[in-house]
Amino acid sequence: MIHLSRWKVVLLALSLLFGLLFAFPNVLTPAQRAALPGWLPSSGVNLGLDLQGGSYLLLEVDVPAMREKRLTNLAEDARTVLTEANVPVTGIVRQEDGVMVALANPAQIDQAIEAMRALVTVGPSGTVDRTVQRQGDRIRYAFTERAMASMGSDAVTQSIEVVRRRLDSTGTKEISITRQGAERIVVQAPGQSDPAELERLVGQTAQLTFQMVDVENSLQEALAGAVPPGSEVLFDDVGTPYLVKRRILVSGENLTKAEVTTDANQQTAIGFRFDGQGARRFGEATAANIGRPFAIILDGKVISAPTIRSAITGGSGIIEGRFSIQEASEMVNLLNGGALPAPLKVQERRTVTAELGADAVQAGAISTAVGFLIIVLFMLGSYGLLFGGISVIGLLLNGLLIIASMSMIGAALTLPGIAGLVLTFAVAVDANVLIYERMRDEARSGRSVIASMDAGFNKAMGTIVDANLTTLVAALIMFVFGAGPVRGFAWTLTIGVFTSMLSAVLVAQVGLALWLKVAKPKKLPIAE
Amino acid sequence: MRGWPLIKLLPQKTNFQFVRFAKLFGALSAVLCIASIIGCFWPGLNMGIDFRGGASLEVAKPAGQVLALDDIRGSVSDLGLGDVQVQGIARRDTNVADGSTAVVRFQIPEGADQTQVVRRVEGAISGAVGEVTYSGVEVVGSKVSGELFRSGLIALGLAVVLMFAYIWFRFEPQFGLGAVAGLLHDVILVFGLIVVMRLEFSLNMVAAILTVIGYSMNDTVVVFDRLRENLRKYKTMPLREVIDLSINETLSRTIITGLTAVMVLAALAFLGGEALFGFSIALMFGIIVGTYSSIYVGAPIILLWGVKRGGSSDEPQPVKLGMASRP
């Protein structure tokens with residue numbers, strides 16, 4: 001209705017206030033923003049990675065590799081515990097979720113089961129993750145169904161924690177690490193200057209293990225292909241082969257602290273300290289193997305293989321190797337961050353330098369300004385100073401509200417998002433065009449000024465709502481299926497639909513009602 | 001009150017007989033659509049790395065220096081990474097194509113470590129043309145690219161279905177069919193443009209097409225709204241005349257809004273830099289064909305199917321399309 005209704009004026013004033021309040025931090029420097037009192041909004045528009053520069057990594061947790069490894073450990077546990085119990089084994093057959101153990105002497109089966117049951121640890125709520133069952137004259141040792149099912153999901157959760165610890169310790173700001181789907185992690189690091197470093201930090205599993213070197217069997221035979229069961233051939237970084245027992249004495253899980261230090265010869269080394277369990281195991285293993293070498297292995301690569309001179313019971317020691325200080329400190333960071341439960345594979349990587357982002361912002365700003373100017377000129381030219389001017393005021397309010405909403409929600413503004421913004425302006429004036437054209441029609445068919453303006457608003461409104469809803473549907477689909485920049489585009493489009501309906505229609509209603517009241521016109525200026 | 005004569009794009013009242021030419025334009029649209037569909041398979045879409053996997057590397061020399069594109073192509077091809085594309089683009093800071101900036105696209109071999117492959121390519125480029133800066137890197141694994149492509153197509157399909165449902169719900173089934181025919185027409189022709197201009201088909205392009213779908217519907221809804229209103233108002237007027245009348249009545253708005261959007265997108269295409277060019281061109285073209293289709297595809301389809309008119313007859317009245325004479 002074309003009279004100056006109070007609630008419309010109030011609504012307009014409130015949206016203007018909202019716009020000013022929330023868009024205001026964008027003109028401040030970061031220092032000024034920090035100085036704002038706490039009750040004032042202080043966040044500006046959040047720029048997407050393509051505009052401020054940064055790295056986007058989509059990582060996939062290699063769950064099959066992790067399952068494989070867990071099954072290997074299961075088999076080695078069984079082998080070790082049966083050897084210690086003096087139960088000879090003829091074969092360990094790998095199955096989907098566990099192993100099947102065949103004994104040399106079936107009469108020992110009860111003894112074997114008892115020995116293996118000791119491996120089953122009961123969790124806090126009374127659940128177990130593995131079971132030992134007799135099947136005929138063989139023993140099935142397997143993960144429970146529930147443990148198999150949650151293995152992947154647990155690994156992803158754990159990986160996110162580890163990645164966060166590693167990346168945060170390098171002091172980069174605002175890194176976002178989120179889960180995507182069942183087996184994926186998205187890392188978004190704005191302003192990360194060296195994407196290669198970022199990738200190196202998340203690319204290493206950092207599984208540290210202490211294993212005995214197999215001195216009973218021949219390394220030459222193993223290299224020729226006859227690897228004894230329970231052992232494996234590993235290499236160091238210069239390619240020297242080692243025959244190492246598969247059984248893990250102590251692993252990085254028992255590490256409480258690692259640090260860069262120097263050895264007796266003033267060479268860079270890594271100092272470490274075990275927790276109670278680790279210290280006990282390490283002490284027992286070193287006491288039983290004095291004079292033999294053991295290997296310190298990181299991600300399948302032998303770092304060093306010192307000979308045990310005496311039992312190490314204190315739970316701490318140093319790893320000597322040919323490290324530079326930088327390598328050592330990176331390794332310490334990895335060790336302190338903890339090991340990834342499974343390797344992470346980079347599936348997608350997008351990196352934009354800060355300079356490129358700044359250029360994109362500039363190009364976006366210029367084209368937005370030019371686009372805006374074109375619309376202003378066109379509207380003023382088509383509908384004159386009054387009607388056109390009212391649309392321009394609506395457009396300005398629209399721009400203000402979009403900036404305010406983006407600042408408030410924290411949605412990222414991306415380069416396609418800028419395009420969405422410009423397009424939103426074009427579509428926003430469509431509401432005015434629909435209303436004005438309708439008014440013209442009505443006025444030409446002989447109605448009075450008030451009647452034609454009234455009819456213009458009423459009849460155009462249904463069309464405007466219908467037309468905007470279709471844009472919302474398109475934006476919704478982009479949210480569901482799009483990622484990154486596309487989602488930024490969907491954000492501006494969605495916000496733009498709401499703000500443009502509000503500003504274009506409301507500003508026109510209030511502005512024109514005011515004009516009617518003041519000027520008391522005899523004819524509609526746009527209808528000639 | 002006003003200080004200048006208003007721009008008049010059209011006379012106050014137009015009386016174009018759009019439906020008269022519907023058959024002609026319908027045939028033209030059909031031919032273009034078929035050509036576009038064929039074009040999508042042969043020569044085929046220029047798939048960006050979003051959808052086909054691989055890596056793209058942006059390489060730049062300082063302004064004024066020229067990159068030897070052939071040397072880059074040669075040295076990177078020697079690494080045996082399959083199809084290597086090297087394309088010169090406009091400088092990011094000045095938006096001028098002075099030959100100092102290029103994009104290199106290549107494939108990551110199955111199972112290879114992408115970090116190392118990218119490093120080798122960087123080494124080869126530096127070896128061929130000396131010191132350059134690498135300002136942007138994108139790597140998409142083959143698994144992810146397949147998924148992105150699939151979800152992109154699903155998004156487009158879903159958009160068409162939802163729009164159909166919306167129009168069906170808001171209007172009538174015949175209107176829905178007309179709207180969807182117009183929509184498919186627009187989408188197919190935008191694909192045709194992408195093929196003809198060798199634009200890169202990427203995630204951003206899918207967003208552009210979704211926007212075209214939204215806009216095309218927007219335009220169609222405005223015409224249909226008026227059509228519905230006029231069908232109620234002029235109960236005895238022949239359907240073809242009601243359609244002509246409705247299109248004429250909304251023509252002024254159609255042209256003003258369409259023109260505004262096209263001008264703004266032109267600014268975006270030519271000032272927004274390399275990254276927005278393809279995106280803006282596709283949007284601009286989509287808006288033009290969207291405007292055309294709401295006149296020449298959507299409404300005539302309704303004519304073909306007929307429509308229920310309140311009171312006068314309950315059965316839809318199919319009307320033969322043709323150059324039949326008007327009184």
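**View 1. Pairing of strand 17 of chain A with strand 5 of chain B.** In this predicted model, strand 17 (344-352) of chain A and strand 5 (residues 133-140) of chain B run antiparallel and are joined by five bridges. Strands are DSSP runs of E with at least two residues, helices are runs of H or I with at least four, and both are numbered from the N terminus; two strands pair if DSSP finds at least two bridges between them. Within strand 5 of chain B, B:Val139 lies opposite A:Arg349. Residues are numbered from 1 along each chain as its sequence is written, and chains are lettered from A in the order in which they are written. Local features need pLDDT of at least 70 and side-chain atom pairs count only at pLDDT 80 or more, whereas totals for chains, interfaces and linings use all residues.

**View 2. The side of chain A that touches chain B.** Contacts (C-beta atoms, placed from the backbone, within 7 Å) link 61 residues of chain A with 60 residues of chain B. Helix 11 (354-409) of chain A is among the elements that give two or more residues, and its 19 residues form the largest share.

**View 3. Helix 4 of chain A.** Helix 4 (residues 63-84) has 22 residues and reaches 32 Å from its first C-alpha to its last. Its buried residues (20 or more other C-beta atoms within 10 Å of their own, with C-beta atoms placed from the backbone) are A:Met66, A:Arg70, A:Leu74, A:Ala78 and A:Leu82. What covers these residues includes strand 3 (89-94) and helix 6 (145-168) of chain A. After the helix comes A:Asn86, with a positive phi near 60°.

Note on methods
The expected span of a helix is 1.5 Å times one less than its number of residues. A residue is buried if 20 or more other C-beta atoms lie within 10 Å of its own, exposed if 12 or fewer, and partly exposed in between; C-beta atoms are placed from the backbone. Two residues are in contact if their C-beta atoms, placed from the backbone, lie within 7 Å.
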